[in-house]
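Subject: Structure handover

Hello,

Here is the structure we discussed, with the sequence. My notes on what was found in it follow below.

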Amino acid sequence: MAGAQRTEEPVPEGAGPKAPLRRLWDHARPHTGVLVVGGLLTFVGGLTGLAQPLVAKLVIDALAEGDPLTTPLFVLGVLVVGGAVIAAAGMFVLERTAQSVVLAARRQLVARLLRLRVAEVDRLKPGDLVSRITSDTTLLRSVATSSITNAVTGVLLLAGGIALMAVMDPVLFGVTIGVLAATALIMGVVLPRIGRATVAGQAAVGEMGSLLERVFGAFRTVKASGAERAEGERLDAAALRAWRKGVDVAGWTALSGTLAGLAVNIAFLTVLGVGGARVAAGALEISSLIAFLMLLFYLTEPITSLVQAATELQGGLAAIHRIDEVATLQQEDTDTDTDTGAGAGAVRADGGSAAVSFTDVAFRYAPDLPMVHHGVTFDAPGRGLTALVGPSGAGKTTVFSLLERFYDPTGGEVRVGGVEVRDWPIAALRSAIGYVEQDAPVLDGTLRENLLMAAPNATAADIADVVERTRLGPLLARLPEGLDSRIGHRGTTISGGERQRVAIARALLRGPRLLLLDEATSQLDAANEAALKNTVLEVARDISVLVVAHRLSTVTSAERIVVMDAGRVRAVGTHAELVAADELYRDLAASQLLTAS
Ligand SMILES: Nc1ncnc2c1ncn2[C@@H]1O[C@H](COP(=O)(O)OP(=O)(O)OP(=O)(O)O)[C@@H](O)[C@H]1O
């Protein structure tokens, strides 16, 4: 079906708790070519180090035999300098790729988060989602690249070194392997602890994000309620949790690093003891013991990078866990071309306006919550003003959420322009509708940015037209830089009435065929109220306007009033008809609807 809503983005193959390593690899895979180059450079850099003890043995042998030193010394010099240059190039290539992995992960997360269903965002904490994009992705930085190549080159070099040792002297080899195996066993216990502490630490950072979002989302209320101390304590507790987990990670990481160093030292001393005895007994040449010790000394680096890779891997696995959780959230397909699809065509055939019809609609916000709509049925034709009224909690705003497909009904049908909303491509449906929320959100940025949000291609003439229709002229004249004045986080520098008119102007600029207006419950001054009413009435001449009405002046000018109560439509009529026939409406008109001042 053209407009079918994708209720769940398929989780990438292999995702889920069972395959975190594969998911980690998914992030690195697009960079395989560069990774191989970086890895090869690192590996070759490492090999030159591995060759150094062998050449050193040649130097010692040449010294002992009185042979010329020029060639072995030259080879040693090339190995030292060349190896350093190659290793540095490898490090840069890998670090650059690491940054690319983070960028790709962030882009993927941003795209997913913006396509989340409203229902998911209602359920989640935005601050935590933000920390997944900003903080968790950085953990992928090294793990997806340098850790992988460190692990691979570490394993290869270790295997090469161990093979050389086995050839040089089986007894010393046995001693070394014994010490390394004991260390590997201990690491098996330490590493999972690093992983668990990292997950908990990242969760605490996410919680801090949520708490910050909570505080700054209602900063004035926090101040006015004198809640700074209480909110500060919550934040402090989360910060402390993140610190504790960070300290845990630091402790375990220090232990694993020390263990690795200690293992090499113990192996070194044991080999020195056992090897020295064997040299004294004439079972081993002194140059072989020196070469063996150099080899062991050299293996410190691959062993340390292996341990470091394993430690970073724990961080990466923790990040993947939190990043992948976003992939399992429900997404919607808002990218569909708005000019195609059955819905768009059907509405055009209907003359460009969009009639609304609800037939026996049943709805609840979640399976464990009570029903909000119990069979809502009403029609609003393609033109004119329809007012929805009813006591608080009757389900009026929910009607708008179903029209915008923020949620899907559990029963019945919602039609726009004669087409069931599920059959509309979502982008086309939303471009046909102008929606003004009750609290008329205004975003940080300039007035122009706020207006153009819904219609980026609107011309200066279009803007001038909506400014005129929504009576924003006086505001523009007052603002120092006109349309390019910043209006603050959530529009804090303009008044409530101005915010409402900016929100209506934004919705109108979209050229909607249906306007949904959730009227503010706050009282406006008489001039503002009359201005808004006239704007809405003008718009309703051409298209269908649905208003969740809180003002008597709005309902008296509506052609049709739908009275809702406890999730049902109890009456439909004009103001005069309903005053005569419906008791609840009479009460609402007398007590709850705001009257013009
Ligand atoms: N996102 C949500 N999740 C869960 N329940 C919700 C959600 N939004 C609204 N509700 C509940 O659904 C019911 C209807 O809410 P709705 O906002 O549609 O009422 P309303 O008639 O518009 O009320 P008001 O006039 O006070 O704005 C209420 O009981 C409300 O608590």
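This is a predicted model: local features need pLDDT of at least 70, side-chain atom pairs count only at pLDDT 80 or more; totals for chains, interfaces and linings use all residues.

The expected span of a helix is taken as 1.5 Å times one less than its number of residues. Helix α8 covers residues 228-280, so its 53 residues should span 78 Å; the end C-alpha atoms are 76 Å apart, which agrees. After α8 comes G282, which has a positive phi, near 80°. Helix α3, residues 70-114, has 45 residues and should therefore span 66 Å, and the distance between its end C-alpha atoms is 66 Å, in agreement. Buried residues in α3 are G90, V93, L94, T97, A98, V101 and A105.

Next, the ligand. There are 13 residues around the ligand, and those that come nearest are Y365, S392, K396, T397 and T398. Which helix gives the most to this shell? Helix α12 (residues 396-403) does, with three residues. Sorted by class, the shell has six polar, five nonpolar and two charged residues.

In soluble globular proteins, nonpolar side chains tend to be buried together. The largest nonpolar core here has 73 residues, and L388, L403, V416, L516, V545 and V547 have the most contacts inside it. Helix α17 (residues 496-509) gives the most to this core, with seven residues. Another core, of 40 residues, lies apart from it and includes L41, V143, F292 and L296. Returning to V416, and not counting residues up to four places away in sequence, V416 touches A354, V356, L403, V421, W424, L429, A432 and L514.

A387 counts as buried because it has 27 C-beta neighbours inside 10 Å, the cut-off for buried being 20 or more. Leaving aside neighbours within four places in sequence, A387 is in contact with V547, A549, T554, V555, A558 and I561. A387 and V563 are 176 residues apart in sequence, yet their C-alpha atoms are 8.4 Å apart in space.

L385 also lies in β3. With 25 other C-beta atoms within 10 Å, L385 is buried. Its contacts, again leaving aside neighbours within four places in sequence, are V536, L537, A540, V545, V547, S557, A558 and E559. L385 and R106 are 279 residues apart in sequence and 44 Å apart in space, C-alpha to C-alpha.

Finally, backbone angles. R405 has a positive phi, near 60°, in a residue other than glycine. R405 sits in the loop between α12 and β4 (411-416). Is R405 buried or exposed? R405 counts as buried, because 22 C-beta neighbours lie inside 10 Å. A566 also has a positive phi without being glycine, near 45°. Its place is in the loop between β9 (560-565) and β10 (568-573). With 14 C-beta neighbours inside 10 Å, A566 counts as partly exposed.

Regards

Notes:
Residues are numbered from 1 along each chain as its sequence is written. A residue is near a molecule or strand if its C-beta atom, placed from the backbone, lies within 6 Å of it. Helices (H or I, at least four residues) and strands (E, at least two) are DSSP runs, numbered from the N terminus. Ala, Val, Leu, Ile, Met, Phe, Trp, Tyr, Cys and Pro count as nonpolar, Asp, Glu, Lys and Arg as charged, and the others, Gly among them, as polar. A residue is buried if 20 or more other C-beta atoms lie within 10 Å of its own, exposed if 12 or fewer, and partly exposed in between; C-beta atoms are placed from the backbone. A nonpolar core is a set of buried Ala, Val, Leu, Ile, Met, Phe, Trp, Tyr and Cys residues joined through C-beta atoms within 7 Å. Two residues are in contact if their C-beta atoms, placed from the backbone, lie within 7 Å.
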